[in-house]
Each structure stands twice: as C-alpha cells, then as structure tokens.
Amino acid sequence: MLGSLRARRGDRELRLNRARDRAVLAVLLAHVGRPVPVAEIIDGVWGRGG
C-alpha cells in the first residue's frame, strides 16, 4: 500500500522495515491532523479483538 518509505526524526533517518511499523504509520497517515487514540491504532493494525 505505501511502497517505499523514509522517515526522519530530526537529522536521523528512522528504519521502517517491519510490516507492523509500516501499518502503524499507515493508520496515522490516514488520520493526519488529529490525535489517534491507541485503541484505534490497535484496531487498524491488528483488527478488532486481535
């Protein structure tokens, strides 16, 4: 879904190799501009009851 990704924190590049890292980022990007509750991230990455 996201293809090649690069993320930075200050002047340091972050590694986004794991599928779970990329899934969390996808959930956050889908909700740009608003806080995302932890429960919503969990549902987005692992599904309900997962």
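In which helix does D21 lie? Select D21 first: this residue lies in helix α1. Before going further, note that this is a predicted model, in which local features need pLDDT of at least 70 and side-chain atom pairs count only at pLDDT 80 or more, whereas totals for chains, interfaces and linings use all residues. Residues are numbered from 1 along each chain as its sequence is written, and side-chain values use heavy atoms, with hydrogens and water left out.

**The whole chain**

Two helices and two strands make up its secondary structure; helices (H or I, at least four residues) and strands (E, at least two) are DSSP runs, numbered from the N terminus. Read along the sequence, these elements follow the pattern β-β-α-α. The C-alpha trace spans about 35 × 25 × 15 Å along its principal axes.

Now show the surface. The chain exposes about 4,200 Å², of which carbon and sulfur atoms supply 54%; accessible areas come from the Shrake-Rupley method with a 1.4 Å probe, and for residues only the protein chains shown count as cover. Of the 50 residues, 14% count as buried. Buried means under 20% relative accessible area, exposed over 50%, and partly exposed in between (1.4 Å probe, protein chains only).

Next, select the charged residues. The mean positions of the 10 positive and 5 negative charges are 3 Å apart. Here Lys and Arg count as positive and Asp and Glu as negative, while His and the chain ends are not counted; the place of a charge is taken as NZ of Lys, CZ of Arg, CG of Asp or CD of Glu.

**Helix α1**

Select residues 19–29, which form helix α1. Return to D21, which is partly exposed because its relative accessible area is 22%.

**Helix α2**

Move to residues 38–46, helix α2, and pick V38. V38 counts as exposed because its relative accessibility is 59%. The C-alpha atoms of V38 and A19 are separated by 18 Å, and the two residues are 19 apart along the chain.

Then select I41, also found in helix α2. Is I41 buried or exposed? I41 counts as buried, because its relative accessibility is 16%. From I41 to A23 the C-alpha distance is 9.0 Å, at a sequence separation of 18 residues.

I42 lies in helix α2 as well, and counts as partly exposed at 37% relative accessibility. Its C-alpha atom is separated by 8.4 Å from that of V24, 18 residues away along the chain.

**The two helices together**

Finally, show α1 and α2 together. At what angle do their axes cross? The axes come within 9 Å and cross at roughly 125 degrees. Axes are lines fitted to C-alpha atoms, for helices over the stretch in contact, and angles run from 0 to 180 degrees between N-to-C directions. The helices α1 and α2 are therefore oblique to each other; angles under 35 degrees count as roughly parallel, over 145 as roughly antiparallel, 65 to 115 as roughly perpendicular and the rest as oblique.
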